[in-house]
Every structure is written in C-alpha cells, then in structure tokens.
Amino acid sequence: MITVTKTFFPPLKEYNSQLQRIWDNQWLTNRGELVVELEGKLKKHLSVSNIVVTTNGTIPLQIALKLLGGQGEIITTPFSYVATTAAIVWEHCTPIFVDIHPEYLTIDETKIEAAITNKTTAILVTHVFGNPCNTEVIEGIAKKHNLKVIYDAAHCFGVRYKDKSLFEYGDVSTCSFHATKLFHTGEGGAMFANDNELQHQMFYSHNFGHNGPLAFHGLGINGKMSELQAAMGLAVLPYMEFILGERKKAVDYYNKYLDLSRLQTLKIRENTSWNYSYYPLIFESEDQLLKVEERLKASEIVPRRYFYPALNTIEYSKGQLMPIAESIASRILCLPLYVGILEEDLNRIINIINANVC
Ligand SMILES: *Cc1c(COP(=O)(O)O)cnc(C)c1O
C-alpha cells in the first residue's frame with residue numbers, strides 16, 4: 001500500500017548508539033545531555049537564536065496562547081490542522097476566523113483588520129504546507145493594533161523566507177516533530193521566541209514554572225521532551241539534506257508529469273526557500289476529487305484529504321462562513337510524498353489522476 005507519507009527511519013545502528021548514551025547516563029528526561037545537544041544542533045542547523053524543544057507541536061501553541069492570548073479573541077485561519085483551532089479553544093480563547101488566499105492557502109492578510117475588535121489579543125496563523133504567510137503585512141497590522149503574532153510553523157522545518165529562518169518571524173513560532181513531519185523525534189516539537197524575556201517565560205512554562213528545585217518563576221505545565229525523543233532526533237538530523245533531496249525529486253516528478261492544466265498546485269510565496277513538505281493538489285470540484293480518490297484507493301494508493309474539513313465548520317468552533325477555505329478544503333488532496341517512493345509508484349499515481357481529470 002502507498003500511503004500519503006512514510007516516516008523516515010534512520011539506520012537502527014545509529015539510533016542504538018544514541019540510546020546507548022542514555023543507558024550510560026542513566027538519565028531519561030528533565031533536560032538531559034541529548035535534549036541539550038539536540039537543541040544546540042537544531043539552533044545551528046536552522047540558524048535561529050532561540051529554541052526550546054518540547055514533547056509535541058501542540059503544547060507550544062498552548063503555552064504561547066497562555067502567555068500572549070489572555071483569553072481574548074484570536075484571529076486565526078480556517079485552513080490548518082485541527083490543533084491550531086483546538087489550542088485556542090482549549091486555552092479559553094475565542095477563534096475569530098479570517099478567510100484564506102485561494103492560491104497561497106495562508107490567511108488573506110487583507111481581511112484581517114476588519115476582524116479586529118477591542119477583545120482581540122493575538123493573531124495565530126499557519127504557514128500552510130511550509131508556505132509563508134505574508135509576515136510583513138501581518139506584523140504591520142499587529143503592531144498598529146498592539147496585538148501579538150504566533151505562527152503555527154508545524155510544517156516549516158528548514159524553510160527560509162527573505163534570507164532568514166521562517167521560525168524567526170512573529171513573537172513566537174512553533175514547530176512539530178511528529179513522525180509524519182519532515183524532521184521528527186517520533187512525537188516532539190519546538191518553540192521559538194524572538195524576545196529573550198518571552199523566551200525565558202516560554203522556557204519555564206514548559207517545565208512547571210520551575211526556578212530551580214525549590215522556587216517558581218510562575219505558572220507552568222509539562223511540555224518537556226524526553227531523552228528517548230531526542231535520541232531519534234539526533235539520529236534523523238544528519239539525514240535532512242538527503243531527505244529534502246529525495247522529496248524534491250518526487251515533487252519535481254509530479255510537477256513534470258501531472259496534467260496541471262486543470263489542476264491547481266500550491267503557489268509558493270516569492271523569496272521562499274521551500275522544504276517540499278507536502279504535495280497538495282486542488283481539483284475543480286469535490287466530485288472530481290472523490291472520483292480520483294476512489295480510483296487511487298482501488299489501486300492501494302491512499303492520499304489524504306488534508307486539510308478537511310475547514311476548521312470553521314467543526315462543532316466547537318462553527319458559526320462563521322469562510323467560502324474560500326470551505327471550497328478549498330472540499331477539493332484538496334495531498335499526494336503520497338516520502339523518502340523512498342518509487343518512480344513506478346509515482347507513475348501509477350500520475351496516470352490515474354491524469355486519466356480522471358480530463
Ligand atoms: C502536526 C501539526 C500540529 C500538531 O503537532 P503535534 O506535534 O502533532 O502536536 C499543529 N499544527 C499543524 C499545522 C500541524 O500540521
């Protein structure tokens with residue numbers, strides 16, 4: 001079976017040698033040697049000045065909202081993974097959706113100001129499929145209205161935008177290192193803050209608020225990454241160039257051979273060095289998508305309707321109409337894309353799609 005993604009497994013020997021260090025240290029969590037080493041290596045690899053690795057990519061969203069959201073209204077996107085909206089509701093904030101741009105698939109920044117009220121505290125938006133939001137305009141609006149900006153950058157490992165890491169934009173950016181993501185630690189994530197004081201707050205917040213064993217800086221929760229997670233990260237990180245190269249090959253192949261005259265692909269924002277994290281295809285209608293999906297499944301090929309449904313239609317957050325996001329969500333399919341996908345598999349996928357969209 002061909003699935004939408006396959007986790008990259010580093011050579012077991014290399015993973016085992018990382019595990020050996022944990023056994024030697026007899027130390028499993030609370031910022032052990034491997035976690036600290038992973039943070040240092042990621043800082044260098046990504047060229048960022050601040051990072052805290054976490055147990056997953058959702059807890060940093062919650063921590064950022066707890067510190068910056070103030071239980072107010074959060075301007076957000078209806079087109080993202082459910083974690084973006086769920087974190088807002090979980091932190092007792094109110095999601096205020098703003099529709100997306102039909103080609104970039106990120107929030108339509110020209111519609112943000114109309115959604116701001118005196119209860120708005122922050123903007124939490126997603127760089128969808130690693131494609132940057134219009135950060136300049138968004139951060140200009142935020143400054144003018146005294147709002148905080150949080151980017152859900154779960155898909156953005158290694159993406160550079162206007163000559164710096166995409167993680168360096170906004171007040172806070174968050175990333176996911178889930179097994180299905182580009183770089184992974186099984187489960188895991190990271191948070192990046194652009195201000196040292198905020199970085200300090202986020203750091204202690206992810207460790208129960210501790211200031212040493214006996215005192216507390218403030219309220220906190222448990223968002224710590226364990227040594228076992230870091231071991232996987234340290235084993236995967238040396239392969240990032242290889243992983244990107246393999247994914248680029250598959251993306252180029254799709255672009256070359258898919259009949260794109262009647263299909264829409266992701267439009268990458270200019271000045272972006274992208275990371276080939278997903279291959280979304282937007283069909284002319286949901287019926288066309290369902291037909292293609294059925295034909296693919298009959299050949300044991302399982303793409304994923306990512307992201308579906310639009311987040312403004314979920315039971316706990318519904319009520320606002322988002323025509324563009326709802327339309328895109330009903331017509332978008334992510335094609336299989338992973339290290340090791342065979343050319344013959346790509347050909348089968350391409351042939352089925354081309355035969356069913358004409
Ligand atoms: C994967 C993902 C998350 C959640 O990350 P986890 O590590 O699974 O908690 C959040 N936002 C987006 C856009 C994601 O794709």
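**View 1. Tyr 253 and Tyr 257 in helix α8.** Both tyrosines lie in α8 (residues 240-257), four residues apart, about one turn of the helix. Helices here are DSSP runs of H or I, at least four residues, and strands are runs of E, at least two, numbered from the N terminus. The model is predicted: local features need pLDDT of at least 70, side-chain atom pairs pLDDT 80 or more, while totals for chains, interfaces and linings use all residues. Numbering starts from 1 along each chain as its sequence is written, and side-chain values use heavy atoms, without hydrogens or water. Tyr 253 is buried, at 16% relative accessible area. Tyr 257 is partly exposed, at 40%. Buried means under 20%, exposed over 50%, partly exposed in between (1.4 Å probe, protein chains only).

**View 2. The aromatic pair Phe 79 and Phe 307**. Rings of Phe, Tyr and Trp (its six-membered ring) pair if their centres lie within 6.5 Å; planes under 30 degrees apart are stacked, over 60 edge-to-face, the rest tilted. This pair is edge-to-face, with 5.2 Å centre to centre and 80° between the planes. Phe 79 sits in the loop between β3 (73-76) and α4 (82-90). Phe 307 sits in the loop between β16 (301-302) and α10 (323-331), 228 residues apart from Phe 79. Both residues are buried.

**View 3. An aromatic cluster.** Phe 79, Phe 129, Tyr 278, Tyr 306 and Phe 307 form one cluster.

**View 4. Helices α2 and α7.** The axes of α2 (residues 33-46) and α7 (residues 227-236) come within 8 Å and cross at roughly 40°. Axes are lines fitted to C-alpha atoms, for helices over the stretch in contact; angles run from 0 to 180 degrees between N-to-C directions.
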